[in-house]
Amino acid sequence: MWLPVVGLILGVALGFLFSVEIPLGYVKYTAIAILAAIDTILGGLRAQVEDRFDLSIFLSGFVVNAAFAALLAGIGDLLGLDIYLGAVIAFSIRIFDNVGFIRRDVITHYLKPGR
Amino acid sequence: MASVGLPRPKAARTILWRSVMAVLLALIGFLVVTQIKTEWRIKRTLRIPSTQLGELAVALRRQEHTRAVLETKVVELRARLAEYQKAAAESRTAAAGMNRQLQDLRALVGLTPLQGPGVVVTLTDSTRPPKPGEDPNKTILHYSDIAGVVAELWAAGAEAIAVNGERVISSTGINCVGTTILCNTKRMAPPYVITAIGDSRSLAQYLRRPGGALEMLAAFDFPVRVTPYARVDVPPYRGTFRFEYAEISEKE
């Protein structure tokens, strides 16, 4: 269980070590990428908790979601409309959903194992 | 802790899940930190959140446009400035040249005091008492004597002449009014001191030449003295210039 934590710490450390300059115009896209990644992580966690984790679904979900969010953001830039907000809202809803499911799963499976 | 209470999945799948999670979490950590750092940098340097970058871009574009317009204006103004400077320099040199020319002309017409080598000719009435029955006119100097000496000096190459401190200029007339001689507007009495600037040797030689005006005067017992000087002073013309009838003609 410590391996993901080590990965997180490693990523944070790398982020502090290497100051990657995000071009100002792309700050929006990286924000969406972060949201997509968090969504994917929570989805993977939920799948693991529900014992139906599948690597290909997990990875393809991450890639396609991130790509589609980026595409929406790009189209929004072209149209002068903040369509990426839609992706943000969708990701946020999914994140809350997943958190809710994980919470129930953990409660069901771990805190009340007798039922 | 999750692995303790939850139903155990297959060991291989757990390891795969953990490693994938580790990679993704590393990615998220990296992205979040970078993002936060970028946001901080934006806020620190631009003092606006990144969500207002669009407005900033519009402002920037407007500024760039203004800047381009101003740059062309600067180029234009610089060219005009260079033109003005050139014109100013030209007019300055022109003014300096005109001033020099004016000074030369003032000296030529006799409005400036002049100095240089030259001769001083002193003429006085004859000291010999008139013989009985002789015309007393023969013992006094006439305006024509003065005018003759002046003309000889001009002919000898004198550059400036004054008679008794009165500058001889182009319109100077030497004449007589009653018993006195008039030069310019000044009445004169003997002795007549004629000062001339020029090559003192040739002036003196020319004046003393045989058959010259001075020889004639000397023959009539007029005391004549010609003295060369290394430096004589000729005063400026103090009268007025006036054209009442003459006009500047276009004809060459």
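This is a predicted model: local features need pLDDT of at least 70, side-chain atom pairs count only at pLDDT 80 or more; totals for chains, interfaces and linings use all residues.
Chain A contains four helices and zero strands. Read from the N terminus, its elements follow the order α-α-α-α. Of the 115 residues in chain A, 30% are buried. Among contacts in this chain between residues at least 6 apart in sequence, 64% join residues at least 24 apart.

Two helix pairs within chain A may be considered in turn. The crossing of the two helices is right-handed. On the α2(A) side, the residues that meet α3(A) include A:I32, A:A33, A:A36, A:A37, A:G43, A:G44 and A:A47. On the α3(A) side, the residues include A:F58, A:G61, A:F62, A:A66, A:A69, A:A70 and A:A73. Sorted by class, the contact of α2(A) with α3(A) has twelve nonpolar, five polar and two charged residues.

The second pair consists of α3(A) and α4(A). Their axes come within 7 Å and cross at roughly 150°, which makes α3(A) roughly antiparallel to α4(A). Here α3(A) contributes A:A69, A:L72, A:A73 and A:G76, while α4(A) contributes A:Y84, A:G86 and A:A87. By class, five residues of this contact are nonpolar, two are polar and none is charged. A:A69 and A:A73 belong to this contact, and both also take part in the contact between α2(A) and α3(A).

The next topic is the contact between the two chains. In total, 36 residues of chain A are in contact with 33 residues of chain B. On chain A, the helices α1 (2-17), α2 (27-49), α3 (55-79) and α4 (84-111) each supply at least two residues of the side that touches chain B. Which of these helices gives the most to that side? It is α2(A), with twelve residues. By class, the side of chain A that touches chain B has 25 nonpolar, ten polar and one charged residues.

One helix pair spans the two chains. α1(A) passes α2(B) in a right-handed crossing. The contact of α1(A) with α2(B) has 17 nonpolar, six polar and one charged residues.

Chain B itself has six helices and eight strands. From the N terminus on, its elements run α-α-α-β-α-β-β-β-β-β-β-α-α-β. Buried residues account for 24% of the 252 residues in chain B. Residues 24 or more positions apart account for 74% of the contacts in this chain with a separation of 6 or more.

Among the strands of chain B is β2 (residues 160-163). B:A160 and B:A162 point one way from β2(B), B:I161 and B:V163 point the other way, and all are buried. Four bridges join β2(B) to β7(B), residues 192-197, and the two strands run antiparallel. B:I161 has B:A196 in β7(B) as its bridge partner. Three bridges join β2(B) to β3(B), residues 166-168, again with the strands antiparallel. In β3(B), B:E166 is the bridge partner of B:V163. The hairpin of β2(B) and β3(B) has two residues between the strands, and B:N164 takes a positive phi near 50° there.

An open sheet of three strands is also found in chain B, with the order β4-β5-β6 and antiparallel pairing. Why do β4 (174-177) and β6 (186-188) each have one side without a neighbour in the sheet? Both stand at the edges, each with a single partner strand, so one side of each is left without a neighbour. Neighbouring strands of this sheet are turned by 35° against each other on average, direction ignored. β4(B) pairs with β5(B), residues 180-183, over four bridges in the antiparallel sense. Within this pairing, B:C183 in β5(B) is the bridge partner of B:I174. Finally, helix α4 (residues 143-155) of chain B lies across β4(B) and β5(B), running at about 170° to β4(B).

Terms used:
Residues are numbered from 1 along each chain as its sequence is written. Chains are lettered from A and ligands numbered from 1 in the order in which they are written. Two residues are in contact if their C-beta atoms, placed from the backbone, lie within 7 Å. Ala, Val, Leu, Ile, Met, Phe, Trp, Tyr, Cys and Pro count as nonpolar, Asp, Glu, Lys and Arg as charged, and the others, Gly among them, as polar. Two strands pair if DSSP finds at least two bridges between them. Axes are lines fitted to C-alpha atoms, for helices over the stretch in contact, and angles run from 0 to 180 degrees between N-to-C directions. A residue is buried if 20 or more other C-beta atoms lie within 10 Å of its own, exposed if 12 or fewer, and partly exposed in between; C-beta atoms are placed from the backbone. A crossing is left-handed if the near helix is turned anticlockwise from the far one by less than a right angle, and right-handed if clockwise. Angles under 35 degrees count as roughly parallel, over 145 as roughly antiparallel, 65 to 115 as roughly perpendicular and the rest as oblique.
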